[in-house]
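Let's take a quick tour of one protein model, looking at how its parts pack together.

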Amino acid sequence: MGDIKISLKDVLKVALKQAKFIIIIIAVFTIGAYLYTSYFTYPSYTCYASMIVNSSNLTNTEGEDNNTFRVSDITISARLATSYISVLNSTAMMDLVKNSSYMQGYNISAGALRSMVTFESDSEFITVTVTAYNAQLAQDLANAVIECAPDFLVQKMWLADINVIDAPSYPSVNAVSKSVNTLKGFLAGVALSILLVLAIVLMDNTVKDEDDFTSRYGVSVLGTIPDFAQNFKGGYRYAKKQK
């Protein structure tokens, strides 16, 4: 028995036959994506701040000015910055942030606060990113982190100093794009429609013509006898056994 081949002609025939259903699918996905974006998604707000790790107090000798610069300071500070991020993500740090004066009036758990804050290190610099669904909350949380972080790190690590470079920025809005989400819904509807058409073509066991019969069953057709009792347009079908 030969392999079943899918021809573009068969696909187009099924697509035209199911055109109304395909249009409904695409319309449902497109309109659904637009309505979901309009009524069930909300913009988020992001604040940025940065700090620097200063390890000069570790490398300078006794009596030497801590402002003396060494290349080794950068290497040590960069390594410390990576370690500091793990400490900043701790529950103890978030509990301290939660009890900060900036967070008075917010009933948010330490775990929820942690999910809003991201720390990243780049050499000796630590970037703080705060994302929340309220502009004021984003600003207050960023201020609380910057207020608590330096003293907390010095207290827990007893190593290099950490200083604030950039205070929290004004929250920038991250609006959800209706047009982009609507386009995604449209493309999802088109993709589902294509899969549906291909499934119908693959499950169709109708013998289309002599070549299709030969391809399916690997035998030659000597002749064909039309079934005048069948009232359909085009194609061949298996005849029913007469009782």
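This is a predicted model: local features need pLDDT of at least 70, side-chain atom pairs count only at pLDDT 80 or more; totals for chains, interfaces and linings use all residues.

Residues are numbered from 1 along each chain as its sequence is written, and side-chain values use heavy atoms, with hydrogens and water left out.

**The cores**

- The largest nonpolar core has 36 residues; a nonpolar core is a set of buried Ala, Val, Leu, Ile, Met, Phe, Trp, Tyr and Cys residues joined through side-chain atoms within 4.5 Å.
- Buried, by the way, means under 20% relative accessible area, with exposed over 50% and partly exposed in between (1.4 Å probe, protein chains only).
- Val97, Phe119, Ile126, Val128 and Leu141 have the most contacts inside this core.
- Among the elements giving it two or more residues are strand 1, helix 4 (71-88) and strand 3 (125-132), but helix 7 gives the most, with 11 residues.
- Helices (H or I, at least four residues) and strands (E, at least two) are DSSP runs, numbered from the N terminus.
- Another core lies apart from that one and has 6 residues, including Val11, Ile22, Ile26 and Val201.

**Helix 1 meets helix 8**

- The axes of helix 1 (residues 8-17) and helix 8 (residues 178-203) come within 9 Å and cross at roughly 115°; axes are lines fitted to C-alpha atoms, for helices over the stretch in contact, and angles run from 0 to 180 degrees between N-to-C directions.
- Helix 1 brings Asp10, Val11, Val14 and Ala15 to the contact, and helix 8 brings Val197, Leu198, Ile200 and Val201 (contact means heavy atoms within 4.5 Å).

**Two buried residues**

- Ser50 sits in strand 1 (residues 44-54) and is buried, with a relative accessible area of 11%.
- The side chains of Ser50 and Asp166 are joined by a polar contact of 3.0 Å; that term means a pair of N or O atoms within 3.5 Å, where within protein one must be able to donate a hydrogen and the other to accept it, and residues adjacent in sequence count only if both atoms are side-chain atoms.
- Thr30 belongs to helix 2 (residues 19-40) and counts as buried at 18% relative accessibility.
- A polar atom of the Thr30 side chain lies 2.8 Å from the backbone oxygen of Ile26.
- Not counting residues up to four places away in sequence, Thr30 touches Thr182, Gly185 and Phe186.
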